[in-house]
Amino acid sequence: MSTEKQNRINEIMDSLDGCTRAAAPDFFYTRLKARMENELTPAASGIWLRRPAFAFATMAVILLINVLVLFNQTNNNQEEAVSSTETDSFQSMAAEYRLNEGNSSISYYNLNQDR
Amino acid sequence: MTEFELIQGLRNGEEPAFRYLVDTYQDRVFNTAMGIVQNAEDAEDVAQEVFIQVFRSIGSFKAESKLSTWIYRITTTRSLDLLRSRKSKKRFGFIQRLLGENNEPVQEIPDFNHPGIQLDRKENAARLFKVIGKLPENQKIAFTLHKLEDLSYQEVSEVMGTTVAAVESLMHRAKQNLRKLLENQND
C-alpha cells in the first residue's frame, strides 16, 4: 500500500481525537417525562392488547379450541355410529327369531297351562 | 448530592432525584447511544428508554458497580437492541421487495455527522463512522466508549463486564478491522 494511502487512513483513524461530547437535545427532560407519564399510567397498560403478537396468540388459541371441538364432535359421531349398528344387529336378530311378535307371552301362557 | 443519596432518592421515587440523574447523565447516555446507533433521533429514543429502565429497575440495582457503569451498560445494551431491530426490519423489507409487496425504492442511510467533531475533520469522521458500523458488536462498544466517551480501558472493562486485557485485545482488533475496511473502500 502506498505511503499516501497509509497517511490518508491514519488521518481518518485519528479523526475522532479531540471530539467533544454530543449534548442531549433541548427539552430532553420534558419529552422524557411526557413519555414516562404516557407509558407508566394505568390507561397505557392495556396497550399490549393492541399488539399484533397478542392478536395472533388469541387467534391461535381460538383456532386450537375450534380444532379440539371438531375433534371431539367427530369422535362422538363415530361412537354414535357404532352404537346404532349394534342396535340394528339386535333388531335384525329379534326379527329373525320373531321376538317382537308377542311369542314370548304365548309361550309363557302355554308353559303355565302345561303345569 | 452523593451517589448514595441519589440512589436512595430514586428508590423512594423522588422527582428531584430523577431530575438530577437525568441532568447529570443525559449527555453521556445520548453521546454513547449516538456513537453506536449513528442517528440523533434514534439516540434520543434510546436515551429515553435508558432513563425509563433506570427508573423502573433502580430497586434491583445492587450498587456493586458505580451508577455510571450501570447506566453505560444499559445504554450499550439498548443501543445494540435498536441496531438489531433495525437490521431485522431491513431484512424483512428486503424479503417484501423480493415478493413484490413493497416496491418503494431502497433509502440509503446518509453519512452520519457527529456534532462534537471539529469542522475540518467532519468528512474523515463520517468515513470512520461508516466503517465503525461494520465492526462486530463487542469491538464497536469498546471503540465507542473509549474514543467517544473517553473512558479508560479499566472503565470500559467494567461496563462490558470483562477484563482490561480483553478490552485491550478488542481495541487492537477493532483498529485492525477499521484499517482493513478503510483500505478496501474506494476513494
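In what order do the elements of chain B run from the N terminus on? Select chain B and follow the chain from that end: the elements run α-α-α-α-α-α-α-α, and the secondary structure comes to eight helices and zero strands. Here helices (H or I, at least four residues) and strands (E, at least two) are DSSP runs, numbered from the N terminus.

Before going further, note that this is a predicted model, in which local features need pLDDT of at least 70, side-chain atom pairs count only at pLDDT 80 or more, and totals for chains, interfaces and linings use all residues. Residues are numbered from 1 along each chain as its sequence is written, while chains are lettered from A and ligands numbered from 1 in the order in which they are written.

**Confidence**

Colour chain B by pLDDT, which is the predictor's confidence in each residue, from 0 to 100. The mean for chain B is 90, and 89% of its residues reach 70 or more. Within chain B, confidence is highest in helix α7 (residues 153-160), at a mean of 97, and lowest in helix α4 (residues 67-99), at 86. Where pLDDT is low, the predicted coordinates should not be read in detail. For the model, the scores are ipTM 0.83 and pTM 0.72.

**The two chains**

Select chain A next, which has four helices and zero strands and follows the pattern α-α-α-α along the sequence. Of the 115 residues in chain A, 8% are buried, whereas in chain B buried residues make up 30% of 187. A residue is buried if 20 or more other C-beta atoms lie within 10 Å of its own, exposed if 12 or fewer, and partly exposed in between, with C-beta atoms placed from the backbone.

**Where the chains touch**

Now show both chains and look at the contacts between them, where two residues are in contact if their C-beta atoms, placed from the backbone, lie within 7 Å. On this criterion, 28 residues of chain B are in contact with 21 residues of chain A. On the side of chain B that touches chain A, α2 (15-37), α3, α5 (122-132) and α8 (164-184) each supply at least two residues, and the largest share, seven residues, comes from α2(B).

**One helix pair**

Select helix α2 (residues 28-40) of chain A together with helix α3 (residues 40-57) of chain B, which pack at an angle of about 55 degrees with their axes 10 Å apart. Axes are lines fitted to C-alpha atoms, for helices over the stretch in contact, and angles run from 0 to 180 degrees between N-to-C directions. The two helices are therefore oblique to each other, given that angles under 35 degrees count as roughly parallel, over 145 as roughly antiparallel, 65 to 115 as roughly perpendicular and the rest as oblique. To see which residues meet, display A:L32, A:R35, A:M36 and A:E39 in α2(A) with B:Q48, B:F51 and B:I52 in α3(B).

**Two loop residues**

Finish in chain B with B:Q38, found in the loop between α2 and α3, where phi is near 55 degrees, a positive value in a residue other than glycine. B:Q38 counts as buried because 22 C-beta neighbours lie inside 10 Å. Then move to B:A63 in the loop between α3 and α4 of chain B, which has a positive phi of about 60 degrees although it is not a glycine. B:A63 is exposed, with 10 other C-beta atoms within 10 Å.
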